[in-house]
Amino acid sequence: MGNMTRRGLLVGAGAGIGALGTRYLYTTPIANGLPFPVLPEGGSGDATLLNDAGELSPTRLAKHIVLNSKPDETLLAALRTELKEAQSLNRPVVAHAARHSMGGQSLISDGLAITLDQDWIEPDTAAKTYRVAAGTRWSTVIRELDKIGFSPAVMQSNNDFGVASTYSVNAHGWPVAFSGGGTTVKSMKMLIESGELVNCSRTENADLFSFAMGGYGLFGIIAELEVDMAPNSRLEPTFETMPGTEFGEAFLKKIRENPDIQMAYGRMTIAIDGFFDEALMITYKPAADQRDLPPASGSGFISKVSRDIFRQQLHSDRWKDLRWGIETSINPLINGGTSTRNSLMNEPVVTLDDKDTGRTDILHEYFVSPSRFAEFVKACQEVIPSSFQELLNITLRFVDTDKDSVLNYATEPRIAAVMLFSQEKSLRGEADMARMTSNLIERVLAIGGTYYLPYRPHASLDQFKRGYLRHSEFAAKKRLVDPSLTFRNGLWESYLAKV
């Protein structure tokens with residue numbers, strides 16, 4: 001069966017960073033334990049209320065604007081005008097695209113929020129790169145590159161996010177063998193505090209290039225980027241099951257010994273009876289027939305049906321076991337045909353929308369050495385089931401060593417474990433999630449791993465310092481480049497401002 005989405009009947013939240021779209025702004029939970037919906041999110045204008053994808057960070061801004069022009073002098077003039085006005089009023093500034101972070105990393109109280117929502121890309125087939133506006137979504141990149149036989153070298157597993165946002169959080173994907181997406185960025189142009197547009201690459205302003213990669217927009221507003229692209233191709237999957245504790249080293253071995261593998265990921269059992277006991281590895285190699293590649297498909301009927309199966313897992317081990325059976329037994333039969341590289345990545349997060357205003361989807365992500373993955377499995381088995389959080393999915397990826405970014409989560413080859421929890425929107429739900437998250441982070445740090453920064457800010461300051469050893473260097477550079485601290489967000493306020 002060709003051109004089916006890669007999830008088929010095993011659709012799950014595999015994004016390196018992402019969650020379901022924000023629908024309402026919520027106040028503090030009230031007496032019945034559930035939040036009270038007050039206002040839909042505001043658009044452009046003054047005194048705007050915005051939230052992020054976690055739906056737990058309602059933020060009142062002084063001003064919110066949306067810019068959608070291509071990265072030319074018109075856009076730069078608008079950015080400089082807004083920047084100057086904000087500085088004159090002593091307002092912090094934050095730029096974002098889709099706000100799929102979950103802990104205020106794309107928001108700042110009483111500040112100026114600039115949403116970049118663009119649709120501009122210029123490919124260069126000779127150089128195998130493309131120039132792209134910061135706020136262009138990956139869906140646009142796939143659509144335009146697909147027309148000329150190319151594909152993103154690395155992107156997140158969903159297509160809703162802005163390209164500069166991927167660079168700013170250094171998100172990874174499931175193409176292999178790469179590190180974070182920032183490693184495929186050749187150069188970028190960034191507007192800094194002074195209003196100067198600075199060209200940054202590995203040879204020009206290389207320090208700023210490294211600090212801004214995974215720098216969460218704290219050094220300036222990115223206007224455009226030059227990014228690597230790869231040939232599009234028709235791929236066919238292989239499915240393998242194994243004990244959960246063996247996945248890490250088996251995954252690394254598979255990728256290292258098979259350089260023709262282009263994409264790969266894994267899943268694990270999540271029912272309490274057998275929690276993380278078994279793993280599924282899915283790898284994709286080029287098919288023999290590469291003629292007449294079809295246009296990139298999007299979210300199809302199977303993905304929409306899969307959403308219902310995915311959501312039935314809530315409070316139900318029976319449905320979790322059923323989904324695992326579909327993933328390991330049925331899916332290889334019905335979804336074992338070929339798909340193009342672009343079709344596999346062309347999936348929006350809205351496919352999994354929970355449609356439940358009393359709950360929200362919260363992502364966790366941890367990075368551990370393949371050799372210590374068994375210890376990670378044991379930690380999860382001991383920590384997660386003792387909470388009352390509902391784990392609905394775990395996706396496993398390979399992330400190679402990151403030699404570029406300063407806030408580096410892959411100082412060696414690592415297995416990335418992306419977990420999606422359905423959390424009750426209540427005081428007890430948030431308190432329990434904070435406790436569980438802190439315990440998981442502590443266990444991961446103890447085995448030499450770390451956690452990902454775009455999610456809920458439940459790590460302690462000490463845990464942040466131990467997980468990101470160059471934090472002081474990052475904060476010092478930030479204060480040097482942006483002495484007025486114009487560019488700020490929740491990550492800065494919660495952690496980096498304190499080091």
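Guide: The structure holds eight cavities of 30 Å³ or more, a cavity being a set of points, on a 1 Å grid over the protein atoms alone, where a 1.4 Å probe fits but cannot get out. This is a predicted model, in which local features need pLDDT of at least 70, side-chain atom pairs count only at pLDDT 80 or more, and totals for chains, interfaces and linings use all residues. Residues are numbered from 1 along each chain as its sequence is written, and side-chain values use heavy atoms, with hydrogens and water left out.

The largest cavity contains about 370 Å³ of space, a volume being the space filled by probe spheres set on the points, which are joined across faces, edges and corners. Its lining comprises 26 residues, each with an atom within 4 Å of a point. Nearest the centre of the largest cavity lie Ala95, His96, Ala97, Ser165 and Ser168. Strand E5 (93-96), helix H3 (163-169) and strand E12 (221-231) are the elements that give two or more residues to this lining; helices (H or I, at least four residues) and strands (E, at least two) are DSSP runs, numbered from the N terminus. H3 provides the largest share of the lining, five residues. By class, the lining of the largest cavity has 13 nonpolar residues, 12 polar and one charged, where Ala, Val, Leu, Ile, Met, Phe, Trp, Tyr, Cys and Pro count as nonpolar, Asp, Glu, Lys and Arg as charged, and the others, Gly among them, as polar.

How values were computed: 1 Å grid on protein atoms, 1.4 Å probe; cavity = no way out; pocket = protein on both sides within 12 Å on 5 of 7 lines; lining within 4 Å.
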